[in-house]
There are 2 protein chains.
Amino acid sequence: MKIYELAPSPSARRVSIFLAEMGIDVERVSIDIRGGENLSDAFQAKSQNGLIPVLELDDGTTISESVAICRYFDEAYPNEHSLFGHTPLEKAQVEMWQRIVELKGLFVAMQAFRNITGVYKDRETCVESWGEVSRQRLIAFLPILDKRLSESAFVAGDTFTVADITAYVMCNFMKNLNINLDDSLPHIQAWCQTVSQRPSVSQQ
Amino acid sequence: MKIYELAPSPSARRVSIFLAEMGIDVERVSIDIRGGENLSDAFQAKSQNGLIPVLELDDGTTISESVAICRYFDEAYPNEHSLFGHTPLEKAQVEMWQRIVELKGLFVAMQAFRNITGVYKDRETCVESWGEVSRQRLIAFLPILDKRLSESAFVAGDTFTVADITAYVMCNFMKNLNINLDDSLPHIQAWCQTVSQRPSVSQQ
């Protein structure tokens, strides 16, 4: 079993923190995304979405999409504290917050970054004004997340879940957009401090 | 238990087809999105993401995000043919394809529509050129989906899953962007025909 990745990328970090939380160690193979290694026929044959990370099982079956990889490990290695929740309501609440943080946060941040910087303009059409709109939408989402974290210890409730991993990776990625967690966001600040001290985060 | 929705919207349709597949009937309350009823304080207090659909349980607990609502029903009403898959590998493959169809298909279609038409320009900044880029990216995704459907009967494998619901809703929504399933996409055409004959789709 191995994971093809670019370790510092947000999607690879989501999987790495998840696996560290579960205490699972998987062989890694580094892919040079900016150099276009992921565009090769060999990689495209493995990756259904053309992107990293990709999990390759021992029989050659591959799984793309970071959350799908996390779910595979959660299901294949049952554990006492599932990061996807336990009861039907918990599972729905984790899915809800995970998606809210993705759709209003992390994915918006990535659209902002790609369109403002044009980092992948060799392979996609960029629209700088959409990047700026996305950056503003991300800034507008932060008080919503701050309010949520004033109501509960973690993003989806009382315990640390995959939604916290997504939110933490988003908060780190914001530095690329010159967005900082200032004092108007005290609950995100405090939660970030707590999460950064977890071994799954601090020891990587 | 009730669902707040705008029935013809893509996200509400995803939930409606899912519930019809499960044979579950839930009271519906119609929300006038274009008139801004979802912007009211009363609705915003129910909806964590500010959007429809919202599931309200009998104790007043609410769940936003269409896929989170679907997952709640899948988990709370265990059934023989889960639309999210059964084994760890199936669950990961459903999640993967569901996300690929969302991230490269349905969400791209919705960004195209909102930015080209400016339908919600009273509440969001639109960038028409991003709408056009999104429309082109959606068109570029269709051959990938067609290839996938040349390899398997349904999007995530041999059986109908939540990923097919997402893809079918996307294909219907494309009409709003003047994108048709022409003869260059024979496998999507045939699959669409099959899906449209399911009672969950044809009887709504």
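# Terms and values in a two-chain model

Guide: In chain B, the loop that runs between α2 (41-46) and β3 (54-56) holds B:P53. Helices (H or I, at least four residues) and strands (E, at least two) are DSSP runs numbered from the N terminus. This is a predicted model, in which local features need pLDDT of at least 70 and side-chain atom pairs count only at pLDDT 80 or more, while totals for chains, interfaces and linings use all residues. Residues are numbered from 1 along each chain as its sequence is written, chains are lettered from A and ligands numbered from 1 in the order in which they are written, and side-chain values use heavy atoms, with hydrogens and water left out.

Visitor: What makes the peptide bond from B:I52 to B:P53 worth a remark?

Guide: That bond is cis, with omega near -5 degrees. Most residues other than glycine have a negative phi, and most peptide bonds are trans. In chain A, the bond from A:I52 to A:P53 is also cis, with omega near -5 degrees, and A:P53 sits in the loop between α2 and β3 (54-56) of that chain.

Visitor: What is the phi of A:E65, and where does this residue lie?

Guide: Its phi is near 75 degrees, a positive value in a residue other than glycine. A:E65 belongs to the loop between β4 (62-64) and α3 (66-76) of chain A.

Visitor: What makes a residue part of the contact, and how many residues take part?

Guide: Contact means heavy atoms within 4.5 Å. By that test, chain A gives 37 residues and chain B gives 38 residues. About 3400 Å² is buried between the two chains, with 67% coming from carbon and sulfur atoms. Three residues, A:M96, A:R99 and A:W130, supply 17% of the area that chain A buries against chain B, more than any other three. Buried area is the accessible area (1.4 Å probe) that two parts lose on being put together, summed over both.

Visitor: How is chain A divided, and how do its parts meet?

Guide: An automatic or database domain assignment gives the bounds, and chain A has domain 1 (2-76) and domain 2 (88-202). Taken over C-alpha atoms, the centres of these domains of chain A are 21 Å apart. In chain A, 14 residues of domain 1 are in contact with 21 residues of domain 2. The area buried between the two domains of chain A is about 1500 Å², and carbon and sulfur atoms give 61% of it.

Visitor: Why is one space called a cavity and another a pocket?

Guide: On a 1 Å grid over the protein atoms alone, a 1.4 Å probe fits at the points of a cavity but cannot get out, whereas a pocket is an open set with protein on both sides within 12 Å along at least five of seven lines; lining residues have an atom within 4 Å of a point.

Visitor: How much space does the second largest pocket hold, and what lines it?

Guide: Its space is about 750 Å³, where a volume is the space filled by probe spheres set on grid points joined across faces, edges and corners. Of its 30 lining residues, B:W97, B:R148, B:A156, B:G157 and B:D158 lie nearest the centre. Two or more residues each come from α2 (41-46) of chain A and from α1 (10-22), α4 (88-117) and α5 (128-151) of chain B.

Visitor: What makes a lining residue nonpolar, charged or polar?

Guide: Ala, Val, Leu, Ile, Met, Phe, Trp, Tyr, Cys and Pro count as nonpolar, Asp, Glu, Lys and Arg as charged, and the others, Gly among them, as polar. The lining of the second largest pocket divides into nine nonpolar, 13 polar and eight charged residues. For the largest cavity, the lining has four nonpolar, one polar and six charged residues.
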